[in-house]
Amino acid sequence: MTFDRMPSCFRLSEHVPTVPLFSQLPLDDPDFCAIVEKFVGGLDAKIGEMEEALVAEDQSSLRELAHWLKGAGGTVGYPSLSEVALQLEESIKSDNSVETIRRVKEVRELVSRIELGLVPC
């Protein structure tokens with residue numbers, strides 16, 4: 001099941017913020033810029049995996065993906081992504097499905113803001 005076919009409770013709100021979110025890394029450095037580009041280029045697929053795990057109620061995969069995002073987000077200069085991933089990880093551990101759904105939606109919204117803020121190297 002793709003995110004488009006998920007029940008409406010899983011879908012993003014219609015008022016997704018359109019304020020770009022930029023990496024805090026120095027993107028004028030070609031090496032850092034390439035790292036951020038690679039990370040952002042793979043984000044949609046990773047978040048898709050997260051959404052699939054949510055629908056399948058695969059807590060183990062969802063927890064692993066949240067943990068990956070927590071570390072990777074901060075490493076590439078997106079601490080807000082890491083913070084939400086931490087909160088997602090905690091909601092999964094506490095078996096709070098309502099909070100877990102909310103956090104996955106929040107991750108998707110942040111990713112859409114990151115994609116708006118990505119400037120090609």
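Leaving aside its neighbours within four places in sequence, tyrosine 78 is in contact (heavy atoms within 4.5 Å) with Leu21, Phe22, Ser23, Val36, Phe39, Val40, Gly73 and Ile114. This is a predicted model, in which local features need pLDDT of at least 70 and side-chain atom pairs count only at pLDDT 80 or more, while totals for chains, interfaces and linings use all residues. Residues are numbered from 1 along each chain as its sequence is written, and side-chain values use heavy atoms, with hydrogens and water left out.

**Tyrosine 78 and the aromatic residues**

Tyrosine 78 is placed in the loop between helix 2 and helix 3, where helices (H or I, at least four residues) and strands (E, at least two) are DSSP runs numbered from the N terminus. Because its relative accessibility is 2%, tyrosine 78 counts as buried; buried means under 20% relative accessible area, exposed over 50%, and partly exposed in between, with a 1.4 Å probe and protein chains only. The C-alpha atoms of tyrosine 78 and glutamine 24 are 6.5 Å apart in space, although 54 residues separate the two in sequence.

The structure holds 2 aromatic pairs, for which the rings of Phe, Tyr and Trp (its six-membered ring) must have centres within 6.5 Å, with planes under 30 degrees apart counted as stacked, over 60 as edge-to-face and the rest as tilted. Phenylalanine 39 and tyrosine 78 form a stacked pair, with 6.3 Å from centre to centre and 25° between the planes. This pair links distant parts of the chain, since phenylalanine 39 belongs to helix 1 (residues 30–55) and tyrosine 78 to the loop between helix 2 (59–75) and helix 3 (79–93), 39 residues apart. Phenylalanine 39 is buried, as is tyrosine 78. Together with Trp68, Phe39 and Tyr78 form one aromatic cluster. Lysine 46 lies over the face of tryptophan 68, at 4.9 Å from the ring centre; a charge sits over a ring if NZ of Lys or CZ of Arg is within 6 Å of the ring centre and within 35 degrees of the ring normal.

**Helices and their packing**

The chain has 4 helices and 0 strands, and follows the pattern α-α-α-α along the sequence. Of its 121 residues, 38% count as buried. Among the contacts with a separation of 6 or more, 67% come from residues 24 or more positions apart.

In the table, axes are lines fitted to C-alpha atoms, for helices over the stretch in contact, and angles run from 0 to 180 degrees between N-to-C directions.

| Helix pair | Angle | Axis separation |
|---|---|---|
| Helix 1 and helix 2 | about 155° | 9 Å |
| Helix 1 and helix 4 (residues 97–117) | about 165° | 11 Å |
| Helix 3 and helix 4 | about 165° | 9 Å |

Angles under 35 degrees count as roughly parallel, over 145 as roughly antiparallel, 65 to 115 as roughly perpendicular and the rest as oblique. Helix 3 is therefore roughly antiparallel to helix 4, helix 1 and helix 2 are roughly antiparallel to each other, and so are helix 1 and helix 4.

Helix 1 passes helix 2 in a left-handed crossing; a crossing is left-handed if the near helix is turned anticlockwise from the far one by less than a right angle, and right-handed if clockwise. The residues making this contact include Phe39, Lys46 and Met50 of helix 1 and Ser61, Trp68 and Gly73 of helix 2. Serine 61, in helix 2, is partly exposed, with a relative accessible area of 27%, and its C-alpha atom is separated by 7.6 Å from that of methionine 50, 11 residues apart along the chain.

The crossing of helix 1 and helix 4 is also left-handed, and the contact is made by residues including Val40, Leu43 and Ile47 of helix 1 and Val104, Val107 and Ile114 of helix 4. Helix 3 likewise passes helix 4 in a left-handed crossing, where Ser80, Leu81 and Val84 are among the residues of helix 3 that meet helix 4, with Thr100, Arg103 and Ile114 among those on the side of helix 4.

**Loop residues with positive phi**

Most residues other than glycine have a negative phi. Glutamate 57, which is not a glycine, has a positive phi of about 55° and lies in the loop between helix 1 and helix 2, where its 65% relative accessibility makes it count as exposed. Aspartate 95, also a residue other than glycine, has a positive phi near 60°. Aspartate 95 is placed in the loop between helix 3 and helix 4 and is exposed, with a relative accessible area of 62%.
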